[in-house]
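I opened this entry to record what I looked up. I began with pockets, then went on to a helix and the core.

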Amino acid sequence: TTKVKALQEFLDLAVGSGEDVMVSVLPFWPAVYNKLAVDADHRIRELSHIALKVIVEAVGKNLAPHLKSISGIWFLGQSDTHAPAADAATAAWQAAFPQPAKSRSAKEFCQEDIVSLIIDNLIRATPQTLSDPKVTPVEEMESKYERCLCMSLISYAKLLDSIGKINEENHKKLFDSPKFWKLSKNKAIKVRRSFFSLIAQLCEKLPAVVSTRGSQAATSVLTCLGDLDAGAPVWEASLQVLCVLQQDPWSLVNPSKSVYPGLWSVMTSAANG
């Protein structure tokens, strides 16, 4: 495609360019990168991350003033469902922050920007807002939206696991949104699995978030024990939720109607084993 050719030509020029040339490109790069790195074509996403790596290696500390503007897309790109694209984004991040301490500091420094993007993706975005409905097939729009949800959920879990300073105020909008908790019933298996994995991580890193929203947590997790496709993540999330809830969990859901039938289904099918 035209975008692929343009990125390849840019890479050919960038590889042989000096620091001064790459620094002059920096002010224009965020707008280009943030668009290309979420393209429906996995080749374009991968090439955009490869180009970013070339840039960060050339500009060094000059990247700092522009880091926040690309941090969200860059961090989420490391959880791309297309492995080569995720690897390219990770390689670029490691090139910029080779030491674990620097990588952690960068994540904490950009935490607000990363979380803001994740919240937008999980509670505000739709297939229609992420793509142009006039020129994009419905299937492609749905695929991009599903990928966006998965990347956001996985990235959020990774962020919580890798930083020490968490500003809970920046996260409240997500947990106060009914749309977030409804992700446990999403039609896409990968989305449901990613959601349950995140809930388990939340119980460990931000237990108060879950315990103060007991009704939402219990309803979205405990009623999904019969979700065989979700596999181990739903069981891990359920155990974690039961551990952190301060209320009687069975007073928050109707076990006979919404928990036991699914549990019985798993037992009678031997979990499809």
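**Pocket, helix, core**

I looked up the largest pocket and noted a volume of about 360 Å³. A pocket here is an open set of points on a 1 Å grid over the protein atoms alone, where a 1.4 Å probe fits, with protein on both sides within 12 Å along at least five of seven lines; lining residues have an atom within 4 Å of a point. The volume is the space filled by probe spheres set on the points. Of the 13 lining residues, Gly 60, Lys 61, Ala 96, Phe 97 and Lys 102 are the closest to the centre. α7 (100–109) gives the most to the lining, four residues. I counted nine nonpolar, two polar and two charged residues in the lining.

The model is predicted: local features need pLDDT of at least 70, side-chain atom pairs need 80 or more, and totals for chains, interfaces and linings use all residues. Numbering runs from 1 along each chain, and side-chain values use heavy atoms, without hydrogens or water.

Next I took α13, residues 189–205. Helices are DSSP runs (H or I, at least four residues). α13 reaches 24 Å from its first C-alpha to its last. Its buried residues (under 20% relative accessible area, 1.4 Å probe, protein chains only) include Phe 195, Ile 199 and Leu 202. They pack against α10 and α16, among others.

Last, the largest nonpolar core has 79 residues, and Tyr 156, Ile 199 and Leu 202 are among those that touch the most other members. α10 gives the largest share of this core, nine residues. Beyond four places in sequence, Tyr 156 has contacts (heavy atoms within 4.5 Å) including Leu 198 and Leu 202.

How values were computed: Helices (H or I, at least four residues) and strands (E, at least two) are DSSP runs, numbered from the N terminus. The expected span of a helix is 1.5 Å times one less than its number of residues. Buried means under 20% relative accessible area, exposed over 50%, partly exposed in between (1.4 Å probe, protein chains only). Ala, Val, Leu, Ile, Met, Phe, Trp, Tyr, Cys and Pro count as nonpolar, Asp, Glu, Lys and Arg as charged, and the others, Gly among them, as polar. A nonpolar core is a set of buried Ala, Val, Leu, Ile, Met, Phe, Trp, Tyr and Cys residues joined through side-chain atoms within 4.5 Å.
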